[in-house]
Amino acid sequence: MPLLSRRTLLQASAVAGAYGAGIGLANRYSQASAAADPLLLEARVTEAMIAAKGPTKGMMTYGPDGMPPTIRMRKGEAFAARLKNSLDEATTIHWHGLRIPNAMDGVPFLTQPYVYTGDTFDYAFTPPDAGTFWYHPHCNTLTQMGRGMTGMIVVEDPADPVFDAEITLNLRDWRLGGDGQFIEQFRARDAAKSGTIGTVRTANWTVEPRHDAPAGGFLRLRLAATDVTRIFALRLTGAEAKIVSIDGQPLPAPHPIDLQTIGPGQRLDLIVRMPDREGAVVTLEDHRPSAPKIMASFRAVGTSLKRDLGDIKPLNPNPVAEADLSTATEIPFALSASAENAGVESICGTLGFTFWAINKVPWPGDTADPTAPLAELKLGKSYIFNLANPTPHAHPIHLHGLGFKVLSSSLGPVPQLISDTYLVQPDEKVRLALVADNLGDWVFHCHIIEHQKTGMSGYIRVV
Ligand code: C2O
Ligand code: CU
């Protein structure tokens with residue numbers, strides 16, 4: 001069975017109403033076409049069944065109930081959302097990985113005022129890139145994200161091939177005690193190391209969810225690591241699969257997945273070729289730190305569609321500008337431990353300690369009087385960020401508003417990926433190239449939230 005283009009499929013399904021099982025095409029476009037009507041995202045407290053012990057109280061989400069909704073947008077089309085804050089603390093929304101205007105970036109003080117209880121804030125932008133992204137607050141994040149406010153974004157490209165099924169999985173965990181209720185999110189001694197790890201791992205707020213997908217068919221799995229701390233090492237058993245995209249950016253040459261590590265903030269798009277035999281089960285496992293843990297499973301249903309993984313072509317590339325290495329200016333960034341140790345009061349939450357710094361300056365927290373930018377970049381010029389991680393811990397470094405290309409690493413050959421989040425390993429030096437093509441102040445921080453909130457954050461300014 002040949003792969004149909006989405007346009008052909010839409011025409012075909014308009015006539016015949018057939019095909020498309022498992023992807024809910026009927027609903028896919030309703031939201032995007034209603035962009036004039038903003039999507040309401042209400043930040044609120046909720047409870048949900050995470051562990052078997054009964055509902056977890058004091059969870060935080062966007063929307064009526066349950067997990068924050070997966071938001072569907074379309075590349076190059078206007079999107080609008082209204083944040084309504086029904087929490088009893090300030091919040092904002094950051095659209096992780098979307099290269100949108102600075103005023104929509106959701107960082108308190110730097111790009112917008114924080115949104116108080118009862119207030120609203122309107123976000124409106126046009127996503128330039130297709131792919132898998134996500135959204136979360138940028139205020140008191142260890143609590144707000146730690147308690148649930150991490151949602152996925154799918155930006156569709158009308159030119160994308162249509163697969164036989166698509167499933168998005170929001171991978172994260174929770175710091176719950178034996179009674180299923182939250183325990184302390186933060187232990188200072190762990191924040192000074194690799195972070196305070198959760199106790200219950202879930203996909204879409206569910207322990208080991210099971211899904212059906214067409215036997216012998218192509219299942220597009222969109223995965224996002226949205227946890228505040230956990231780094232996942234993902235492996236698939238029971239089927240072959242290819243990685244087509246990392247961090248929302250298509251790979252020029254899709255390749256089979258072996259063990260793929262993604263840190264907080266990162267995404268992975270896989271095309272899984274489901275087994276031919278009805279009832280056969282494919283599992284997605286996390287192999288970090290050691291013993292494999294099932295994150296989700298997928299059961300083959302129906303008669304085999306007999307797809308051939310060799311037919312998978314690269315997805316349409318996104319329009320991320322290519323840096324001019326002959327004129328690029330190099331900027332060093334040292335990710336280090338901090339000598340200071342006091343916390344600074346901040347409306348967006350403080351952990352009371354400073355353990356980390358970028359270029360020796362620990363971020364003082366979100367205040368009206370932040371430190372100077374780490375660097376000032378000229379609009380349209382090319383840069384190489386030379387990152388060095390002399391610490392014994394991995395740091396998933398995230399840059400807002402701009403895409404970069406990984407040029408080289410001291411640890412050996414690296415694929416030249418385009419990304420917004422790079423997991424810098426202990427003792428690694430890595431070179432990232434970018435064009436400063438988006439004006440404004442862009443936060444640059446570790447996405448292990450305890451590292452971010454105890455100093456490993458700063459911003460660059462594009463003028
Ligand atoms: Cu995913 Cu500064 O954020
Ligand atoms: Cu870090």
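This is a predicted model: local features need pLDDT of at least 70, side-chain atom pairs count only at pLDDT 80 or more; totals for chains, interfaces and linings use all residues.
Which handedness does the link of C139 and C348 have about the S-S bond? The link is left-handed, with -90° about that bond.

A search of the whole structure finds one disulfide. The sulfur atoms of C139 and C348 lie 2.0 Å apart. In general terms, a disulfide is a covalent bond between the sulfur atoms of two cysteines. Here the pair links distant parts of the chain, 209 residues apart. C139 belongs to the loop between β7 (131-136) and α4 (141-146), whereas C348 belongs to the loop between β20 (329-337) and β21 (356-358). C139 has a relative accessible area of 0% and is therefore buried. C348 is likewise buried, because its relative accessible area is 0%.

Another cysteine takes part in a metal site. The copper ion (ligand 2) is coordinated by three residues, H395, C446 and H451, at 2.0 to 2.1 Å. The two histidines each contribute their ND1 atom, and the cysteine contributes SG. Along the chain, the donors of this copper ion follow the spacing H-x50-C-x4-H. C446 counts as buried because its relative accessibility is 0%. H451 also has 0% relative accessibility, so H451 counts as buried.

The account now turns to the nonpolar interior. In soluble globular proteins, nonpolar side chains tend to be buried together. In this model the largest nonpolar core has 69 residues. Those with the most contacts inside this core are L169, V272, F298, L377, F385 and I460. Leaving aside its neighbours within four places in sequence, F385 is in contact with I331, F333, L377, L399, V430, R431, L432, L434, F444 and I460.

A sheet comes next. Five strands form an open sheet with mixed pairing, in the order β11-β19-β18-β13-β16. Its edge strands are β11 and β16 (260-262), each of which pairs on one side only. From one strand to the next, the twist averages 25°. At one end of the order, β13 (residues 232-237) and β16 pair in the antiparallel sense over three bridges. Within this pairing, L234 has Q260 in β16 as its bridge partner.

The peptide bond from R288 to P289 is cis, with omega near 5°. P289 is placed in the loop between β18 (281-286) and β19 (293-301), and both of these strands belong to the five-stranded sheet.

K360, by contrast, counts as exposed because its relative accessibility is 74%, over the 50% limit.

Note on methods. Residues are numbered from 1 along each chain as its sequence is written. Chains are lettered from A and ligands numbered from 1 in the order in which they are written. Side-chain values use heavy atoms; hydrogens and water are left out. Donors are N, O and S atoms within 2.8 Å of the metal (3.2 Å for Na, K and Ca); water is not among the atoms, so sites may look incomplete. Buried means under 20% relative accessible area, exposed over 50%, partly exposed in between (1.4 Å probe, protein chains only). A disulfide is a pair of cysteine sulfur atoms within 2.5 Å. Helices (H or I, at least four residues) and strands (E, at least two) are DSSP runs, numbered from the N terminus. A nonpolar core is a set of buried Ala, Val, Leu, Ile, Met, Phe, Trp, Tyr and Cys residues joined through side-chain atoms within 4.5 Å. Contact means heavy atoms within 4.5 Å. Two strands pair if DSSP finds at least two bridges between them. Axes are lines fitted to C-alpha atoms, for helices over the stretch in contact, and angles run from 0 to 180 degrees between N-to-C directions.
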